[in-house]
Amino acid sequence: MKMFPEGFLWGGAIAANQCEGAWKEGGKGPSVADVAKFADPQSQKDLLDIHKLTDIDDEAIAKALATDDETYYPKRHGIDFYHHYKEDIRLLAGMGFKVFRLSIAWSRIFPHGDEETPNEEGLQFYDDVFDECLKYGMQPLVTMSHYEPPLYLVTKYNGWYNRKLIDFFTHYVDVITKRYQDKVKYWLTFNEIDSIIRHPFMTGGLIESRFDPEQFEEVEYQAMHHQFVASALAVKITHQNIPDAKVGCMLTKVTFYPYTCKPEDVLEEREKMREIYCYSDTQVFGEYPQYLLTKYHNKGYHIVMSEEDLKIMKENPVDFISFSYYSSNCVAKDTSGLDVTTGNTTMAIKNPYLPSSQWGWQIDPIGLRISLIDLYDRYHKPLFVVENGLGAIDTIDENGEIQDDYRIDYLSEHIKQMGYAIHDDGVELMGYTTWAPIDLVSNSSNQMSKRYGFIYVDVDDYGHGSYKRMKKKSYDWYKQVIEHNGDNL
Ligand code: BG6
């Protein structure tokens, strides 16, 4: 039975800050990712507290900038994609990729972020990368901002709390969309725009200790408003510069389940879902949902938003909705006595019916189908799964091979559920990019040992290794999936 439409965009996704390395080469300025320090996670408990892993103050930033050490700042070396991109893209093309999602490191183009003139060497680098993709018939899908605001915008301007960031960002968007107008047709504005609440430093460039703790949530929502306006303007600019471009928003999509059928738990689930939908509602419908405005009102938040901002948002909705999906979580009104586990930069109530990954993320392929149905019914716009994958410890066996059947099982079950969503539920799905087709540094824990790829990279948590690439068992498996357009599962 044919589940996937012709022209379905199969591929994989990475982000500049987690793989490029070369943090000071080619005129690049430091970004927030370059001061993210690796700390050996002592226990699962450390991983439960994402703020502990990602928050950073001025003193820690100054300390980080005073050293060139890459050992404890893994995103400074990544997998050295900067120097290996030709080899890496050739390997991805070997699986028959139709699309390759990657981000542009903003601070390669504008090292400080507030310059008028872009850095030509940075622009040239991405020209070369996109040319390499197109050479193999692979469409680039480009994220404009994936947890990598230039650090200077954080320390000098207070990150996205400052309205000026809208101008700096839109100037950057104008430059990149003009430059790559003939090479890139698929764009995403902010990766997981909702994550500003979970890790305000990485997403919003906010240093928490600079603000009154009582008012910090209001600060986050103000920064988020600036990102909404910037995202709408990015849609507008991209359409002006590339009339046939498609621009999407990007969400962290978690499927929430009520822990029991108690109405209190069901209500809790509805409220939790709204915490996710408020981002896509705003970017798809072009206006704040009433429930979010009510929350601001009830909490006494005064988010500064002009009539012009609201007009810009209304006039420039996104063309499609993209999202990451890794797991589902349970929610309950009364959580006492319930087991907790980790989710993607969140804590979750454990679902007794689901297995979990080595990092505690609950594995739920049907949850992906539920997400697809919910999003399509809500928006009636094309969807794109731009991240889905299993972080695991991979070991090389006595024959020098990596038998990652666990990854094959995970991906194969999720792909089947996508197929059902398309074939049985009528969902319009543009494509699927796994996270990540090649091993890279973990976003949340900065570990290299949390591996996602079809391609193994010989680097450890401290940046030691040959950086040699090697195909895992899943490489040939995914190649077959693409070759058969997903109908062989
Ligand atoms: C997504 C992010 O939420 O999750 C990626 O967009 C990230 O940047 C991915 O790498 C997986 O999370 P982690 O923490 O395992 O790297």
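A: What follows starts at the ligand, moves to loop residues, and ends with residues in helices. The model is predicted, and every value below is computed from it.

The ligand sits in the largest cavity. There are 15 residues around the ligand, and the nearest of them are Glu192, Asn443, Ser444, Lys450 and Tyr452. Sorted by class, this shell holds seven polar, five nonpolar and three charged residues. In Gln18, an N or O atom of the side chain is 2.7 Å from an oxygen atom of the ligand. For Asn344, an N or O atom of the side chain is 2.8 Å from a ligand oxygen atom. Lys450, one of the nearest residues, has a polar side-chain atom 2.7 Å from an oxygen atom of the ligand. On its own the ligand has 370 Å² of accessible area, and the protein covers 100% of that area.

Asn191 is a loop residue, placed between strand S4 (186-190) and helix H10 (200-204). The relative accessibility of Asn191 is 2%, so this residue counts as buried, the limit being under 20%. The side chain of Asn191 has two polar contacts to describe. One joins it to the side chain of His146 at 3.2 Å. The other, at 3.4 Å, is with the side chain of Tyr147.

The backbone comes next. Most peptide bonds are trans, and most residues other than glycine have a negative phi. Against that background, the peptide bond from Trp435 to Ala436 is cis, with omega near -25°. Ala436 belongs to the loop that runs between strand S12 (429-435) and strand S13 (455-457). Asn446 also lies in the loop between S12 and S13. The phi of Asn446 is near 60°, which is a positive value in a residue that is not glycine. With a relative accessibility of 3%, Asn446 falls under the 20% limit and therefore counts as buried.

Tyr467 is another non-glycine residue with a positive phi, here about 65°. Its place is in the loop between S13 and strand S14 (469-471). Is Tyr467 buried or exposed? The relative accessible area of Tyr467 is 16%, and because the limit for buried is under 20%, this residue is buried.

Val219 is found in helix H11, residues 216-241, and counts as buried at 7% relative accessibility. The C-alpha atom of Val219 is separated by 9.3 Å from that of Glu208, with the two residues 11 apart along the chain. Tyr296 has its place in helix H13, residues 290-299. This tyrosine is buried, its relative accessible area being 4%. Along the chain, Tyr296 and Glu218 are 78 residues apart, while their C-alpha atoms are separated by 8.4 Å.

Ile373 lies in helix H15, residues 365-379. Lys63 is in helix H4, residues 58-65. Because the relative accessible area of Lys63 is 61%, and exposed means over 50%, this lysine is exposed. From Lys63 to Tyr325 there are 262 residues along the chain, and the C-alpha atoms of the two are separated by 35 Å.

Notes: Residues numbered from 1 in each chain as written. Predicted model: local features only at pLDDT ≥ 70, side-chain atom pairs only at ≥ 80, totals over all residues. Heavy atoms only, no water. Near = heavy atom within 4 Å. Polar contact = N/O pair within 3.5 Å; in protein donor to acceptor, adjacent residues only side chain to side chain. Areas by Shrake-Rupley, 256 points an atom, 1.4 Å probe, with all protein chains shown as cover. 1 Å grid on protein atoms, 1.4 Å probe; cavity = no way out; pocket = protein on both sides within 12 Å on 5 of 7 lines; lining within 4 Å. Sits in = over half its atoms within 2 Å of the grid points. Nonpolar A, V, L, I, M, F, W, Y, C, P; charged D, E, K, R; others polar. Helix = DSSP H or I, 4+ residues; strand = E, 2+ residues; numbered from the N terminus. Buried < 20%, exposed > 50% of the residue type's maximum accessible area, 1.4 Å probe, protein only.
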